[in-house]
Structure formats: structure tokens, C-alpha cells
Amino acid sequence: MSAPAATVHDVTMRFRDHTALDGISTAIEQDGITGLLGRNGAGKTTLMQLLTGHRVPTGGGIEVFGARPYENDDVLRRICFIKEGQRYPDHFRVRDALDAAALVFPDWDADTAATLLRDFELPAKRPIKKLSRGMNSAVGIIIGLASRARLTLFDEPYAGLDVVARHLFYDRLLADYAERPRTIVISTHLIEEISDLLERVLLIDRGRLLLDTDAESVRSSAVTVRGPREHVRAFAARHELLHEQTLAGSGRAVVRLRAGGESPETFGLTAAPTDLQELVVAMSLATAEHHTRTPTDDLEEVPR
Ligand SMILES: Nc1ncnc2c1ncn2[C@@H]1O[C@H](COP(=O)(O)OP(=O)(O)OP(=O)(O)O)[C@@H](O)[C@H]1O
């Protein structure tokens, strides 16, 4: 097996008294599509900033392609980071943004850029500041795909993109990835839309890693059961209850399965596989019950 594209070892990131990432360790394998999931403020963007050398962790270590990314040109030229609401110089037209990207990324594919420009119906000569929000996002998506960077990170790349354009992005991403496998990390809240694309899933909650697994095992790791409330509870007690809803005497629960535990049928319950979105919601709600949220409006901005 080849070395991971990135390793994250016990990484902590503090912004003054706020801990955005808290002892995260993971490896992002080469040539795969990883979904970085989690609620608002979970720490997804912060992790991406660390992977792309935009910040240095307060504690722990990050390696990308075997070296620290911060101020490391050899590593950084192999990385493309498409940020949410990416800004461009005021005078830039769409064409200028693509030309600039072509200079920055050594594996830039001009044909892919031209095809995507047509697919997304972007006017190449229009000033970027005159584009709609969705069109602006499309510029980032084109750059991210055409960069063909060995490690490409999309941080919620589709602000304002309509559903057709989003599916265009998913289709083109998959087709391009099949042709030129590389390491892609996408943070998103549109879990349902993207779940079929993902090979790995990282779920962050309050700066901690809740889930770090391949997408296939996510699908078999939890079940949603329904039946008489007491039976649901008895079954859940043999495993790990993530989330429960009850109505009169009936119950519905998302349960994370423990090896060797009894099956839902033993308890007279109906069971269906839990999809990724449901699992993420259930796990995030389960941990929310164990925390008292601290208000963050007293946070001071920490400059880069
Ligand atoms: N420069 C900064 N100064 C102070 N606090 C920060 C800074 N950047 C991020 N934070 C805080 O760190 C936490 C994680 O932020 P981050 O942007 O990584 O979350 P996220 O998971 O990307 O959220 P979202 O899904 O809403 O984009 C938040 O509480 C945020 O307020």
C-alpha cells in the first residue's frame, strides 16, 4: 500500500482560549475521495487550513506527501485548496482566474478547464465580481478539477450553486477522478447528495473526530429500527443507542451495532440500514447531549 497523502498526528489548534481542533489523528490515503463532515463550527475548515499550510497547528504534527506543508513549496504546488466563497482580484475576469491557475498548478489541464467552462455556461470574459454567487462557486470548481492537483480540497464548494450545477459537479468529479485518480477531500453539509461519491468519511464534532472510516463500513455499522418502544430500548441496550424518537408506545431508533450483539429480529423489530446522513445527524445529536455548548461570540479573531 502506498504512503498516505496526508497524516495528522494528535493535532490541536487553539484560537486564544477556543480549541477548534482537539487531538485529531488520522491518515488520508492516496487516491480516494474523502468527505469531511460535521456541524457548523466543528473544525472542518481549520483542518483544511492546516493540511494546506495556511496555518500551523498549536500542537501535534501534519505531514502532506511526507513533509510539513507550511511554507513548503515542494508540497504546496501539489495541493489545490478551493475555499468557500473564494475571492479573486477585483479586475479579474473568469479567463484571468483560469490563466492564473494554469501558471500555479503544474498538472493544469486546459482541455478540462475549457470543457467545464462550457458545461457550467460561464462567460470567460465576464469580470468575476459581476458573476452571481453560484457562478463564482463554479469558477472555483473548474479550477479545483482542472488543477489535477495530487491533493485537492474543496471546502463547501457550492455556495449558491443550483441543484443541476451541483450534480454536474458530482458527475464531472467522478469522471475526472476515474480518469486521473488523486486525493480529494470535500467538506459539505449536503451529505445525502454526495454520500455515493465518498470512499472515506471523517466526521468532526467540536474539534474531535467522531468517525474515521470507509464509506462501506458506515453503511453496515448502524441500523434504524422500529417497533414497540420497550423492544427498541432492549435492543439498543445491547448495542449503542445514538438517537431515539418515540410516539405513544412505538419507537424508532438509530443504533450503532456492536459485534456479537443480538439482531433486531430477535426483538421483533423491523430494521433498515442507516444512511450516512442519518448516521451523522444521530451521532452529532448523541454527542450534543453530553455537552453544554459554550457561546463563541466572545471569540477574538486570530489573524493568519
Ligand atoms: N481565525 C479564527 N479566530 C478565532 N476563532 C476561529 C478562527 N477560525 C475559526 N475559529 C473558530 O474555530 C471553530 C472551528 O471553525 P471552522 O471554520 O473550522 O468550522 P467549520 O467546521 O468549517 O464550520 P462551517 O461548517 O460552519 O463552515 C469555530 O468555533 C470558529 O469560530
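**View 1. Strand S1 pairs with strand S2.** Seven bridges link strand S1 (residues 6–15) to S2, and the two run antiparallel. Helices (H or I, at least four residues) and strands (E, at least two) are DSSP runs, numbered from the N terminus. Two strands pair if DSSP finds at least two bridges between them. Look for methionine 13, which stands opposite leucine 21 in S2. This is a predicted model, in which local features need pLDDT of at least 70 and side-chain atom pairs count only at pLDDT 80 or more, while totals for chains, interfaces and linings use all residues. Residues are numbered from 1 along each chain as its sequence is written.

**View 2. Three strands form an open sheet.** The order is S2-S1-S4, with antiparallel pairing. Strand S2 (18–28) and strand S4 (59–64) are the edge strands, each pairing on one side only.

**View 3. Helix H4 meets helix H5.** The axes of H4 (residues 110–119) and H5 (residues 133–147) come within 8 Å and cross at roughly 150 degrees; axes are lines fitted to C-alpha atoms, for helices over the stretch in contact, and angles run from 0 to 180 degrees between N-to-C directions. That makes H4 roughly antiparallel to H5 (angles over 145 degrees count as such).

**View 4. A closer look at the residues between H4 and H5.** On the H4 side you will find Thr112, Ala113, Leu116 and Leu117, which meet Ile142, Leu145 and Ala146 in H5. Two residues are in contact if their C-beta atoms, placed from the backbone, lie within 7 Å.

How values were computed. Parallel < 35°, antiparallel > 145°, perpendicular 65-115°, else oblique.
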